[in-house]
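The structure is shown first, and the account follows.

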Amino acid sequence: MSGDLNSGTERVGIDELLERVRAGFDRIGPHEAAAAASDGALLVDIRYAALRDRDGLIPGALVVERNELEWRLDPQGSHRAPEAVSHDLQVVVVCNEGYASSLAVASLQQLGLHRATDLIGGFQAWRAAGLPVRT
């Protein structure tokens with residue numbers, strides 16, 4: 001018996017994993033995300049506290065640490081956020097630069113949040129587009 005925990009499974013690097021994950025949903029840019037939020041989408045900021053403190057917040061975004069995301073957004077979960085009302089909710093996940101958010105979306109989609117997507121370029125793209133930031 002091999003001591004390799006990955007025996008029998010394909011090994012994929014992070015770049016390929018991101019490509020595969022992103023093929024499963026349509027990512028959106030900063031202005032699309034702002035428009036989606038205006039139409040009722042939930043923006044979810046998963047950046048860690050030091051980045052939020054340094055760079056500010058997107059007004060109206062729900063802040064959820066990445067390690068709590070699935071528990072807070074599962075509409076059937078016992079620890080869900082009040083905003084997590086339905087599997088039909090459009091969720092736009094925002095990380096710092098648009099990488100971790102893609103992996104988070106894949107996880108949310110596995111929970112049945114089929115309209116989950118992420119912000120291309122993350123918070124940095126939002127800010128660069130001149131969209132509102134609260135410091």
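Two strands pair if DSSP finds at least two bridges between them. Strands (E, at least two residues) and helices (H or I, at least four) are DSSP runs, numbered from the N terminus. The model is a predicted one, in which local features need pLDDT of at least 70 and side-chain atom pairs count only at pLDDT 80 or more, whereas totals for chains, interfaces and linings use all residues. Residues are numbered from 1 along each chain as its sequence is written, and side-chain values use heavy atoms, with hydrogens and water left out.

**Sheet**

β3 and β4 pair in the parallel sense over 2 bridges, and 4 bridges join β1 to β3, also in parallel. These strands belong to an open sheet of 4 strands with the order β2-β1-β3-β4 and parallel pairing. At its edges stand β2 (62–63) and β4 (117–118); each has a single partner strand, so one side of each is left without a neighbour in the sheet. Bridge partners that involve β3 are listed below.

| Residue | Bridge partner | Strand of the partner |
|---|---|---|
| Leu-42 | Val-91 | β3 |
| Val-44 | Val-93 | β3 |
| Val-92 | Thr-117 | β4 |

Both faces of β3 are covered: Val-91 and Val-93 on one side, and Val-92 and Val-94 on the other, are all buried. Buried means under 20% relative accessible area, exposed over 50%, and partly exposed in between (1.4 Å probe, protein chains only).

**Cores**

A nonpolar core is a set of buried Ala, Val, Leu, Ile, Met, Phe, Trp, Tyr and Cys residues joined through side-chain atoms within 4.5 Å. The largest has 20 residues, and Val-44, Ile-46, Leu-69, Leu-73, Val-91, Val-93 and Leu-108 have the most contacts inside it. At least two residues of this core come from each of β1 (42–45), α4 (69–73), β3 (91–94) and α5 (100–110). The largest share, 3 residues, is supplied by α5. A second, separate core of 14 residues includes Ala-34, Ala-41, Leu-43 and Ile-58.

Beyond its neighbours within four places in sequence, Ile-46 is in contact (heavy atoms within 4.5 Å) with several residues, among them Val-64, Leu-69, Val-93 and Ala-104.

**Surface**

Leu-17 lies in helix α1 (residues 14–22) and counts as partly exposed because its relative accessibility is 34%.
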